[in-house]
Amino acid sequence: MKILVTGGTGYIGSHTVVELQAQGHEVIIVDNLSNSEREVVDQIALISGIRPAFEELDLCDQSKTDALFAKYPNIDGIIHFAAYKAVGESVANPMIYYRNNLQSLMNTIDGMRKYNISNLVFSSSCTVYGQPEVLPVREDSPVQAAFSPYGNTKQISEEILKDSVNAYAGLNVIALRYFNPIGAHPTALIGELPLGVPNNLIPFITQTAIGLRQQLSVFGSDYNTPDGTAIRDYIHVVDLAKAHVIAVDRMTKGKGKSNFEVFNLGTGNGFSVLEVINSFEKVTGEKLNYKLVDRRPGDVEQVWADTTFANEELGWKAALTLDEMTLSAWKWELRLQEKRNSK
Ligand code: UD1
């Protein structure tokens with residue numbers, strides 16, 4: 001099948017391209033390189049032995065997006081990753097987030113309608129659940145008011161897609177709600193490339209251990225959890241990537257139960273910040289300099305997924321352990337350090 005991957009040089013996008021290629025799909029990447037590097041295309045080719053087509057393009061530009069669809073006829077499915085994702089930045093500059101994340105999605109939907117492309121997989125987030133009352137959280141748990149403009153773009157995008165499948169016959173959407181994707185490809189050829197000071201836990205841990213940051217702040221140690229630190233459902237990015245291939249296959253093979261489906265993608269296990277740190281120290285032998293500080297505003301206390309629906313309907317289950325996640329993240333940081341040293 002011919003699959004268009006928007007945001008395909010980004011963190012989750014690049015891992016998904018590799019898994020699509022491994023299953024024999026032909027991939028076209030579109031990315032404006034606003035938060036990734038062209039070199040990722042070379043790295044993908046090194047892993048898979050196949051160079052995906054690459055188009056540097058901003059999907060917010062409607063005429064260029066139209067030209068992209070015209071250039072690649074007969075696309076069987078689209079996996080739409082392209083979006084901004086920094087929570088704090090979205091609070092400081094909401095318009096950039098609404099414009100970028102929503103305009104690019106709407107232009108993509110317009111292109112799908114005009115060029116008769118039926119299937120879209122959308123990158124959503126467990127952020128739509130806020131702090132759920134019942135854990136583990138199921139797909140039918142209520143969506144709660146978003147904590148940030150970033151989170152709101154995910155909720156609004158799901159609404160846009162729901163309205164679109166209702167209005168436009170033949171359109172199918174699967175929204176995948178990610179929990180906390182971490183880790184890197186086992187080859188350490190692709191991984192997360194945070195710009196500036198990382199907001200997320202794992203890149204902050206690896207950058208602290210490598211000496212780029214002085215100390216990790218553990219945000220909150222007075223939560224109502226066994227060790228007092230917040231709990232998340234961390235999932236290996238390679239497991240997550242594989243679920244995208246299954247989701248797009250489900251649609252192209254017409255196996256979906258409805259034209260708008262939602263799946264949680266997590267492991268179903270919650271780990272605290274201290275458990276993640278312990279795993280990292282154990283598998284790497286590195287001692288991490290960290291201190292317990294106040295809670296980070298906007299953080300939820302604990303959330304992990306009920307993955308029954310994805311397990312049963314997609315026949316997919318996350319296989320990689322927390323130790324494999326933290327070790328692969330460390331190998332990736334070591335490779336980045338090699339590159340930094342050789343400059
Ligand atoms: C965040 C976003 C979420 C987004 C996801 C992916 C918020 C509230 N949520 O998830 O919407 O989809 O990133 O980008 O920002 N932590 C520390 N020290 C640090 C960094 C993090 O203790 O330096 C803790 C956090 O408080 C949290 C856990 O580690 O308990 C995970 O944090 P993070 O990796 O930022 O992900 P989320 O906040 O869960």
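A polar side-chain atom of Asn-180 is placed 2.9 Å from an oxygen atom of the ligand, and one of Asn-200 lies 3.0 Å from an oxygen atom of the ligand. Ser-217 brings a backbone N or O atom to 2.7 Å from a nitrogen atom of the ligand. The protein covers 88% of the 740 Å² of accessible area that the ligand has on its own (Shrake-Rupley method, 1.4 Å probe). The model is predicted: local features require pLDDT of at least 70 and side-chain atom pairs pLDDT 80 or more, whereas totals for chains, interfaces and linings use all residues. Residues are numbered from 1 along each chain as its sequence is written, and side-chain values use heavy atoms, without hydrogens and water.

The ligand is surrounded by 20 residues (a heavy atom within 4 Å), which divide into ten nonpolar, seven polar and three charged. Strand E8 (216-219) and helix H7 (201-210) each supply at least two of the shell residues, and E8 gives the most, with four.

Five aromatic pairs are found in the whole structure (ring centres within 6.5 Å; planes under 30 degrees apart are stacked, over 60 edge-to-face, the rest tilted). The rings of Tyr-84 and Tyr-97 have centres 5.4 Å apart and planes at 55 degrees, so this pair is tilted. Tyr-84 is partly exposed, at 24% relative accessible area, whereas Tyr-97, at 1%, is buried (buried is under 20%, exposed over 50%, partly exposed in between; 1.4 Å probe, protein chains only). Phe-280 and Trp-330, with ring centres 5.4 Å apart and planes at 90 degrees, form an edge-to-face pair. Both Phe-280 and Trp-330 are buried.

Notes:
A polar contact is a pair of N or O atoms within 3.5 Å; within protein, one must be able to donate a hydrogen and the other to accept it, and residues adjacent in sequence count only if both atoms are side-chain atoms. Ala, Val, Leu, Ile, Met, Phe, Trp, Tyr, Cys and Pro count as nonpolar, Asp, Glu, Lys and Arg as charged, and the others, Gly among them, as polar. Rings of Phe, Tyr and Trp (its six-membered ring) pair if their centres lie within 6.5 Å; planes under 30 degrees apart count as stacked, over 60 as edge-to-face and the rest as tilted.
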